[in-house]
Amino acid sequence: ALFALAACQPAAQETPGQPAPAPVPAATPEPILSAAELQGEYRLAGIDGHDPNLPEGVAVSITADVIGVPGACVLTGWRYRFEDGRLATEEIAGPTCRRAVLPHEQAIKAVFDSPDRVTRTPANGILIEGGGRSITLFSQ
């Protein structure tokens, strides 16, 4: 019974006159400013902050100067470079397959057609924002 009474006691009071501890700020996203930081083989892990919930994984391959989405025949890819710390892209012209663009492909295209910001997430992913959309990539 003594243990039950102790569990019902109020939590320890703050010391009068002492300020409450400051909340720990959220980690500031780390900007990615070079091709060396961006290169790699990734999987699409998020669209607009949500799980893409796709039946199959979507790969994104980023070399020193090209972004590709193998398996998405409606997307030809993008050449890219960094200018003044910002990602600049140019869609690669070329033939594509004849089918409707899927919703996740629309998000990928919007982001890479007009990228605004590229950052590393606290979970070591890559967050790319642009064209009113965002995608999150994780290393494969």
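Predicted model: local features only at pLDDT ≥ 70, side-chain atom pairs only at ≥ 80, totals over all residues.

Biologist: Great. How many salt bridges does the structure hold?

Modeller: There are 6 salt bridges, each being a side-chain nitrogen of Lys or Arg within 4 Å of a carboxyl oxygen of Asp or Glu. One of them joins R81 to E83, with the closest N and O atoms 2.6 Å apart.

Biologist: And which residues are linked in a network of salt bridges?

Modeller: E91, K109 and D113 are. E91 and K109 meet at 2.9 Å, N to O. E91 lies in strand β6 (residues 86–91) and K109 in helix α3 (residues 103–113), so this pair ties together parts that are 18 residues apart in sequence. Helices (H or I, at least four residues) and strands (E, at least two) are DSSP runs, numbered from the N terminus.

Biologist: What about the other link, K109 to D113?

Modeller: That salt bridge is 2.7 Å, N to O. The two residues are separated by about one helical turn, because they are 4 residues apart in helix α3.

Biologist: Switching topic: is T119 buried or exposed?

Modeller: T119 counts as buried, because its relative accessibility is 3%. Buried means under 20% relative accessible area, exposed over 50%, and partly exposed in between (1.4 Å probe, protein chains only). T119 sits in strand β7 (residues 115–120).

Biologist: What is T119 in contact with?

Modeller: Leaving aside neighbours within four places in sequence, its contacts (heavy atoms within 4.5 Å) include P29, E30, G125 and L127. E30 belongs to strand β1 (residues 30–31) and counts as partly exposed, at 45% relative accessibility.

Biologist: Which strands does β2 pair with?

Modeller: Strand β2 (residues 40–47) pairs with strand β3 (residues 59–62) in the antiparallel sense over 4 bridges; two strands pair if DSSP finds at least two bridges between them. Here Y42 stands opposite V60 in β3. β2 also pairs with strand β9 (residues 133–139), in the antiparallel sense over 5 bridges.

Biologist: What's the bridge partner of R43 in β9?

Modeller: R43 has F138 as its bridge partner there.

Methods: Residues numbered from 1 in each chain as written. Heavy atoms only, no water.
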